[in-house]
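I opened this notebook to record what I looked up in one model.

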Amino acid sequence: MTEIILASHGSLSKGLLNTLSMIVGNPGDHVRAYSLNPGENPRDFLNELELEVTRSENQYIIMTDIQGGSVHTALSELIQYPNVALFSGMNLPMALEVLTRSQNGIDESEFESLIDSSRMGIGLLHHTLTASADEEF
Amino acid sequence: MITLTRVDHRLLHGQIAFSWTTDRNANCILIANDAVIKDDLRKTSLKLAKPAGCKLVIKSLDDSIKAINSGVTDKYRLLIVVESIADAKKLIDGCSCVKSLNLGGTKAASNTRQISKAMNITDQDAADLKELMNRGVEVEIRMLPQDKKIDAASLI
């Protein structure tokens with residue numbers, strides 16, 4: 001079982017989870033969103049999560065808003081545990097990939113391609129771009 | 001193999017494209033439509049909705065029927081999208097291998113009645129669907145794969 005955690009300053013994580021649910025339906029209890037609000041300490045969530053992670057055999061995939069941010073920095077202490085993977089710069093393509101692949105657990109060897117998928121989700125459309133070639137069977 | 005044949009007046013759009021291709025594990029989408037093949041702007045926006053790892057082929061109804069019957073699509077897990085019930089009827093008339101039709105959404109107009117949240121049909125549509133059902137084609141109404149399947153027979 002893979003536990004998925006979206007974590008951010010403010011409500012980006014909750015918003016992303018909301019958008020995710022619109023696309024794939026209710027993802028279930030194993031997907032959670034954590035929001036750091038002004039005045040709160042991310043280490044409180046870190047401690048809570050650390051207790052959980054160390055008592056569980058589940059895989060934990062955590063996605064945060066931005067590397068270097070206090071949420072990411074606090075949660076980065078969890079990577080000492082082999083069942084945790086921490087991604088930053090979460091976007092909807094990343095969350096979708098993680099959710100889709102998490103059905104069977106995500107092997108470490110897949111992490112790179114997961115990052116690639118997230119990056120490929122960032123695109124540009126502009127009126128000067130010419131139409132791409134049509135595909136055939 | 002054909003994993004889904006769907007009627008959606010918006011053809012392909014993000015949420016739908018991703019959900020259905022994931023649910024069906026489709027690796028190829030066929031948009032069977034006579035108007036789109038001549039419309040570069042519409043084609044460009046449809047291509048945007050294409051999920052990664054999935055081919056998107058856009059063909060006229062006739063060419064789509066030919067392609068399906070020729071067997072060239074057999075090697076794909078194919079998702080077919082048409083714009084209207086009339087187009088679906090034409091496609092299924094030409095391809096007897098289509099055994100199930102998913103109704104996703106059609107626009108309301110002055111001559112349509114609403115049979116479900118997103119489905120608005122004319123009398124001709126109703127007649128077409130009844131004929132398909134008599135032929136043994138399953139006709140079900142569902143926006144997303146995780147929604148409950150509604151048998152169209154009860155609503156027409």
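The entries below go from conventions to chain A, the interface, the pockets and the cavity.

**Entry 1. Conventions.** I worked on a predicted model, in which local features need pLDDT of at least 70 and side-chain atom pairs count only at pLDDT 80 or more, while totals for chains, interfaces and linings use all residues. Residues are numbered from 1 along each chain as its sequence is written, chains are lettered from A and ligands numbered from 1 in the order in which they are written, and side-chain values use heavy atoms, with hydrogens and water left out.

**Entry 2. Chain A.** I read 5 helices and 4 strands in chain A; these are DSSP runs numbered from the N terminus, helices being H or I with at least four residues and strands E with at least two. Along the sequence, the pattern of chain A is β-α-β-α-β-α-β-α-α. The C-alpha trace of chain A spans about 55 × 35 × 25 Å along its principal axes.

**Entry 3. The interface of chains A and B.** How many residues of each chain are in contact? I found 14 residues of chain A against 23 residues of chain B, contact meaning heavy atoms within 4.5 Å. The size of an interface is often given as the accessible area lost when the parts come together. Here the buried area is about 1,500 Å², and carbon and sulfur atoms give 61% of that area; buried area is the accessible area (1.4 Å probe) that two parts lose on being put together, summed over both. On the side of chain A, I23(A), E135(A) and F137(A) lose the most area to chain B, together 49% of what that side buries.

I then looked up the polar terms. Across this interface the rule finds 4 salt bridges, each a side-chain nitrogen of Lys or Arg within 4 Å of a carboxyl oxygen of Asp or Glu. The rule also finds 7 residue pairs in polar contact across the interface, both residues at pLDDT 80 or more. A polar contact is a pair of N or O atoms within 3.5 Å; within protein, one must be able to donate a hydrogen and the other to accept it, and residues adjacent in sequence count only if both atoms are side-chain atoms. Helices α1 and α4 of chain A each supply at least two residues of the side that touches chain B, and the largest share, 3 residues, comes from α1(A). By class, that side of chain A has 8 nonpolar, 3 polar and 3 charged residues. For classes, Ala, Val, Leu, Ile, Met, Phe, Trp, Tyr, Cys and Pro count as nonpolar, Asp, Glu, Lys and Arg as charged, and the others, Gly among them, as polar.

Entry 4. Over all chains the count comes to 21 salt bridges. I noted D134(A) with K43(B), whose closest N and O atoms are 2.9 Å apart. D134(A) lies in the segment after α5 of chain A and K43(B) in helix α2 of chain B, so the pair joins two chains. K59(B) and E136(A) also meet through their side chains in a salt bridge, at 3.1 Å from N to O.

**Entry 5. The largest pocket.** I recorded a volume of about 1,500 Å³ for the largest pocket. Of its 44 lining residues, the closest to the centre are M120(A), L48(B), K50(B), P51(B) and A52(B). The elements giving two or more residues to this lining are α4 (92-101) and α5 (111-120) of chain A, together with α1 (14-24) and α2 (40-48) of chain B. By class, the lining has 20 nonpolar, 17 polar and 7 charged residues. The search uses a 1 Å grid over the protein atoms alone: a pocket is an open set of points with protein on both sides within 12 Å along at least five of seven lines, a cavity is a set where a 1.4 Å probe fits but cannot get out, and lining residues have an atom within 4 Å of a point. Grid points are joined across faces, edges and corners, and a volume is the space filled by probe spheres set on the points.

**Entry 6. The cavity.** I found 1 cavity of 30 Å³ or more in the whole structure, and the volume of the largest cavity is about 40 Å³. Which residues line the largest cavity? They are D134(A), E135(A), K47(B), L56(B), V57(B) and I58(B). Strand β3 (residues 55-59) of chain B gives the most to this lining, with 3 residues.
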